[in-house]
Amino acid sequence: MPISTFELFTFTNKYFRLNSNRKVKKVKLNKPIKTQYENASKQDKKTVLVEQNNKNNNKNTVIPLNGPRLSKRALEIQNEEFLLSKGIIIVRNNKYHPETNPNGIINLGTAENKLNNVEMLSKINDPKISAVTAEQLLYGPNPGSDRLREEIAKLLNRYLHPKIPFTMKNICVGNGCGPLLNICGEVLFDAGDAFLVPGPFYGGFEADIKYGARVYSIPVQHEEGDCLKVSEESLEEALRNANRPVKGIIIANPNNPFGRCYSAEQLLLFCNFAKSHGLFVICDEIYGLSTWKDIVSENIEEGKSIEDYECHCDRCQHFKDAKRIENNIDGESHKFTSIFSLDLPDPENTHGLWGFSKDFCLNGLRIGVTISYSETIMAAIQKICFLTCIPTNIDNILVNILSDEEWTDNFILNNNRKLYKSYSHLTNSLNAHGIPYVKGDSGFFIYIDLHQAKLDEYDLWMKLLEGGIYISPSQAFFSKDSYSERNWFRICFAVEQKELDLSLERLYKVLETIKRNIIIYCVI
């Protein structure tokens, strides 16, 4: 029975209980307070109760007499600024649409793939795929149906090539990788613990595991000259200087925001360091099937070359002789290696995340996957995964899609060919306009260098939004507060070419306006 007001309580000699005799937390009243309570009016009795309760409680938790009542956790979260959310809110209030709002803000800051909407909608809307049965009106298994977990295991075995093949026992399905990372936080960490993470890192990690599980990030700086090289010395230093207990390492491979892959050697360095220091590793491989450079290179059709899969539109032909401006953090490019394909030093403490949002262009359906070889860890995850269940009809749709392996493999291949073409279109344009970037090979985005604007990063971000384009600033990825690390932006390219071109026109216009204003200011 819900408790709505203090009138539901009746006073006894020493305690308050519900009229229904349900026990509630005992509130001891000393003699003066008891007298004060008995002599008070109905409204004042509430005040007496609350004040006494506050004295009995932890000093850090105070119940206000009036207004909304938030937990300490919620108050802390409200005081934290999450730049990715801030940008998205601004965009949603003025969202671009080619017909209804052509001057709205184009979103190239959120990692969504819009290149395959026709193909995926055609598949999902097929009645054979999405028809709802009576069975799906009932509750389904919390970690996903056995059939779905079996199909996911088969898919990931084909593409990730794990050293120890996955079975359904290694898979737990939930409503997105964000909630599942929070579940990992609840299972693997205690509140107040921390994890090491190579920086800059995907900003969502911060919210996903901090807001619920109250686990904190400790960035580890990459080596000079290579954005994806992290030394053992840097990991040691971060661990040594940590002001919280460090329990693990979290990495994204392919990396976000750089859009490229770690080497097998670097992955093993993380794993060996973790084992030697009693840590676990969580590897987010959500872009593991969008490694377009590898997948396209390995599936060149007869009579064609890799260049045939690049963009050859009139605009790209016009830009083809433009040279790329080098940057000082490119480092070496590496083929994608799933962490599970390695000879892991500690398999039971190496866990993974994957999902359908990126590789299957299904962000809105919210389906993530946790991977673990540990029966103990998986049992703990499944104990609380009732909080992250996916709908039974979505479970059924995914089973029907994945069980059609020919369609699934063709979809993945064609998606990667489209991503490769869109990447080449974007980089041809950036080359022609003198904008440096980190070479990509995976995912939907690259990291571009906008130091040429000579503005504070946040101010530049606001001007870009005013100019009608949203891309994500380095601060959203918790970059180091230094000249060299700031004024980089992540730009997504998995959109139709017309929208991408309009976005780039707006980007160049903002930069040109800033440059012109600087010249005018200097002349004056």
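**Note on the predicted model: sheets, core and local features**

1. An open sheet of three strands runs in the order 11-14-13, and its pairing is antiparallel. Strands here are DSSP runs of E with at least two residues, helices are DSSP runs of H or I with at least four residues, and both are numbered from the N terminus. Two strands pair if DSSP finds at least two bridges between them. Strand 11 and strand 13 (472-473) are the edges; each has a single partner strand, so one side of each lacks a neighbour in the sheet.

2. A word on the basis. This is a predicted model, in which local features need pLDDT of at least 70 and side-chain atom pairs count only at pLDDT 80 or more, while totals for chains, interfaces and linings use all residues. Residues are numbered from 1 along each chain as its sequence is written, and side-chain values use heavy atoms, with hydrogens and water left out.

3. Back to the three-stranded sheet. Two bridges join strand 13 to strand 14 (residues 488-492) in the antiparallel sense. Opposite phenylalanine 489 of strand 14 stands proline 473. Helix 18 packs on the sheet and touches strand 13 and strand 14; its direction makes about 30° with that of strand 14. Contact means heavy atoms within 4.5 Å. Axes are lines fitted to C-alpha atoms, for helices over the stretch in contact, and angles run from 0 to 180 degrees between N-to-C directions.

4. Strand 10 (residues 368-372) deserves a look. Five of its five residues are buried. Buried means under 20% relative accessible area, exposed means over 50%, and partly exposed lies in between (1.4 Å probe, protein chains only). Gly368, Thr370 and Ser372 point one way, Val369 and Ile371 the other. In a regular strand the side chains alternate between the two faces of the sheet.

5. Which strands does strand 10 pair with? Strand 4 (residues 171-174) is joined to strand 10 by four bridges, antiparallel. Strand 9 (residues 350-355) is joined to strand 10 by five bridges, also antiparallel. Glycine 368 is the bridge partner of glycine 174, and glycine 368 is also the bridge partner of glycine 355. Cysteine 172 stands opposite threonine 370.

6. The largest nonpolar core has 141 residues. Such a core is a set of buried Ala, Val, Leu, Ile, Met, Phe, Trp, Tyr and Cys residues joined through side-chain atoms within 4.5 Å. Helix 17 (residues 405-432) gives the largest share of this core, eight residues. At least three core residues come from each of domain 1 (81-116 + 413-519) and domain 2 (136-293 + 335-404). The domain bounds come from an automatic or database domain assignment. Ile448 is among the residues with the most contacts inside the core.

7. Is lysine 123 buried or exposed? Lysine 123 has a relative accessible area of 11%, so it counts as buried. Lysine 123 lies in helix 5 (residues 117-124). The side chain of lysine 123 makes a polar contact with that of aspartate 404 at 3.0 Å. A polar contact is a pair of N or O atoms within 3.5 Å; within protein, one must be able to donate a hydrogen and the other to accept it, and residues adjacent in sequence count only if both atoms are side-chain atoms. Lysine 123 and isoleucine 401 are 278 residues apart along the chain, yet their C-alpha atoms are separated by 7.7 Å.

8. Some backbone features to check. The bond joining glycine 199 and proline 200 is cis, with omega about -5°. The bond from asparagine 253 to proline 254 is cis too, with omega near 0°. Arginine 366 has a positive phi, near 60°, and is partly exposed at 40% relative accessibility. Lysine 454 has a positive phi near 55°, and is exposed at 66%.
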